[in-house]
Amino acid sequence: MRFMMLVKADANTEAGVLPSKELLAAMGKFNEEMINAGVMLAGEGLQPSSKGARIAFSGGKRTVTDGPFPETKELVAGFWLIQVKSREEAIAWASRVPFADGEVIEIRQVFEASDFPADILPPEEAAREQAWRDEQQKKGR
């Protein structure tokens, strides 16, 4: 099972305030523990929403809105993508993140091809999707 651990944005992350040297070192150690345990697939911090954009889709039209975006509590500041055996294991890893005050992590399970019934995602398409993912993982993407 794959889970995404989402780090919620706050006023500091939206202002572009970088983490302290101590927090970066602790995060590096945490990431290394997950890598050594074979659970970490990816993990990155994100630039503030002022450097981003949103694309809204309506009736075949696309509308681009440049950041920043007003609702900080709805924004993501970073993520980890992990592969574990259960939701409980994902929670256990998220509980070990070296945050201290006010930070929030949301855990969301990633859909797998096997989660879709055959009438929505036929087996041959599911197999193609899985083969593509396996190939990307081998390439380190």
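## Salt bridges and core

K8, E106 and R108 are joined in a network of salt bridges (a salt bridge is a side-chain nitrogen of Lys or Arg within 4 Å of a carboxyl oxygen of Asp or Glu). This is a predicted model, in which local features need pLDDT of at least 70 and side-chain atom pairs count only at pLDDT 80 or more, while totals for chains, interfaces and linings use all residues. Residues are numbered from 1 along each chain as its sequence is written, and side-chain values use heavy atoms, leaving out hydrogens and water.

Side chains of opposite charge can pair when their charged atoms come close. The structure holds 4 salt bridges, including these:

| Pair | N to O distance | Separation in the chain |
|---|---|---|
| R2 and E112 | 2.9 Å | 110 residues |
| K8 and E106 | 3.0 Å | 98 residues |
| E33 and R96 | 2.5 Å | 63 residues |

R2 and E112 are both buried (buried means under 20% relative accessible area, exposed over 50%, and partly exposed in between, with a 1.4 Å probe and protein chains only). K8 is partly exposed at 23%, and E106 is partly exposed at 24%.

Now for the core. The largest nonpolar core has 19 residues, and among them M5, F30, M34, W80, I82, V84 and W93 touch the most other members (such a core is a set of buried Ala, Val, Leu, Ile, Met, Phe, Trp, Tyr and Cys residues joined through side-chain atoms within 4.5 Å). Leaving aside residues up to four places away in sequence, V84 touches M1, F3, V39, E89, A90 and W93, where contact means heavy atoms within 4.5 Å.

Technical notes:
Helix = DSSP H or I, 4+ residues; strand = E, 2+ residues; numbered from the N terminus.
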